[in-house]
Amino acid sequence: MAALAVIFTAFASTSAFAQAAAAVEKPVDMGEVHKSFLFYVLLFLLVCLFIAIVGKAIRVYELTRESEGKSEGINWNMVNGVLFAVFLVVGLYGVYWEYTVHGNMLLPEAASEHGKKIDEMFNLTLILTTVVFIITHIALFAFAYIYKSNGKRKAYFYPHNNALERLWTIIPALALTVLVLMGFLTWRSIFNKIEDPKNLPLIIEVTSSQFQWDVRYPGADGIVGKKNYKLITGINALGIDFNDKNNLDDQFADEIVLPVNKPVRFALTSKDVLHSFYMPHFRVQLNTVPGMTSYFEFTPTITTEEMKVKTNDPKFNYILLCAKICGANHFNMQKNVRVVSEQEYKEWVIKQGTYLTNDLRKVFKLPVIAEPAAQPVKADTAAKDTTAKTNQLALKK
Ligand SMILES: [Cu+2]
């Protein structure tokens, strides 16, 4: 009782304190008071104390009956058996509720060729595990209820059954073999694609850094040129090596635009730490690792416009996210992705500026263009910093 009194006092004073603190800034909002960590700790202790008191009271009741020579007051086997049965019914209803209410909060419709295969595997695994889950849980809890001790039966000692052992070893082994084989073959079809010379993938290079994605398109030659981290400077944020002729026509884009039904091969690199290239609609996720290039090839199958109609959301956009907690602004590492018709893609890509500026031409001793036709389109903040630094340099001179 003394402990209870202490907890109540502490509970009341923290609540009052929290209310007073909240009142200083804005009107008392009970929702915020309840969010305090201490509130939940105290609530937990109170519940524990309540259960302990009820337990003690029952014990006193039973001891009293025992000392008076009466039969047992509470049939605990019955109580536990019924609790198991209730748990089974409530639990299975919870599973049903979870599947029907939250089921469609899983990934959105797959918008890539291999995405459909991944979803098929996911669904098959989910169906199999759900069936096994339901059967085993009915057996577990229903048996505990049906065969609870009633004082009339004796437990039957049943140590071994070879047939049963075989059954529950071979069936799961077969099921898992099918699942693993499917996974292996699907993985192979995604990562070891046989190139079709008539339908070569569009190569796009994406460089991750804290906290942005820099996107390079290959230009007319279809090849994204080499980079070298030793060449990174204020005006060459990605360390692009312009001695490699393939770099001269490479383009810098502010968003990712993909032609529909054409294979695209992403070359992924990182400038600082590990990031993860994640495009949920296309079922694409791969780490970007400093010092190495990883590749992911896939074919988008639904344009953004089609998806707007399908999802009934005029603001729908595909998105690229970072799926690795990479630092303080990790949450902000996202980029819009647009899937368009091939014609629209061609019209868009021609408008993207090249990475090569006159300043860079001077550095790499390339002929400087007298009047640049168009100012290059630059990506994200690094590019802005670069412009600022270039301007500063120009002023110093
Ligand atoms: Cu990141």
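Trainee: In what order do the 5 strands of the open sheet lie?
Mentor: Strands here are DSSP runs of E with at least two residues, helices are runs of H or I with at least four, and both are numbered from the N terminus. Two strands pair if DSSP finds at least two bridges between them. The pairing in this open sheet is mixed, and the order is E3-E2-E1-E5-E8.

Trainee: Which are the edge strands?
Mentor: Look for strands that pair on one side only. Those are strand E3 (251-253) and strand E8 (294-298).

Trainee: What pLDDT do local features need in this model?
Mentor: Residues are numbered from 1 along each chain as its sequence is written. This is a predicted model, in which totals for chains, interfaces and linings use all residues, side-chain atom pairs count only at pLDDT 80 or more, and local features need pLDDT of at least 70.

Trainee: And what is the mean pLDDT of the chain?
Mentor: pLDDT is the predictor's confidence in each residue, from 0 to 100. Here 84% of the residues reach 70 or more, and the mean is 81. Do watch residues 13-25 and residues 378-397: the pLDDT is below 50 over residues 13-25 and also below 50 over residues 378-397. For the chain, though, the mean you asked for is 81.

Trainee: Back to the sheet: which residue in E2 is the bridge partner of Val 206?
Mentor: Strand E1 (residues 202-209) and strand E2 (residues 212-217) are antiparallel, with 5 bridges, and a hairpin of 2 residues links them. Ser 208 faces Trp 213 in E2. For Val 206, the bridge partner is Val 215.

Trainee: Why is E2 largely enclosed by the rest of the structure?
Mentor: In a regular strand the side chains alternate between the two faces of the sheet. Gln 212, Asp 214 and Arg 216 point one way from E2, while Trp 213, Val 215 and Tyr 217 point the other way. A residue is buried if 20 or more other C-beta atoms, placed from the backbone, lie within 10 Å of its own, exposed if 12 or fewer, and partly exposed in between. E2 is largely enclosed because the buried residues number 6 of the 6.

Trainee: How many other C-beta atoms lie within 10 Å of Leu 320?
Mentor: Leu 320 belongs to strand E9 (residues 318-322). Leaving out residues up to four places away in sequence, its contacts (C-beta atoms, placed from the backbone, within 7 Å) include Trp 213, Phe 277 and Val 337. Leu 320 is buried, and the number within 10 Å is 23.

Trainee: How are helices H4 and H5 oriented to each other?
Mentor: The axes of H4 (residues 76-102) and H5 (residues 113-146) come within 7 Å and cross at roughly 155°. Axes are lines fitted to C-alpha atoms, for helices over the stretch in contact, and angles run from 0 to 180 degrees between N-to-C directions. Under 35 degrees counts as roughly parallel, over 145 as roughly antiparallel, 65 to 115 as roughly perpendicular and the rest as oblique. The crossing therefore makes H4 and H5 roughly antiparallel.

Trainee: Which residues of H5 make the contact with H4?
Mentor: H4 brings Gly 81, Phe 84, Ala 85, Phe 87, Leu 88 and Gly 91. From H5 come His 137, Ile 138, Phe 141, Ala 142, Ala 144 and Tyr 145.

Terms used
Two residues are in contact if their C-beta atoms, placed from the backbone, lie within 7 Å.
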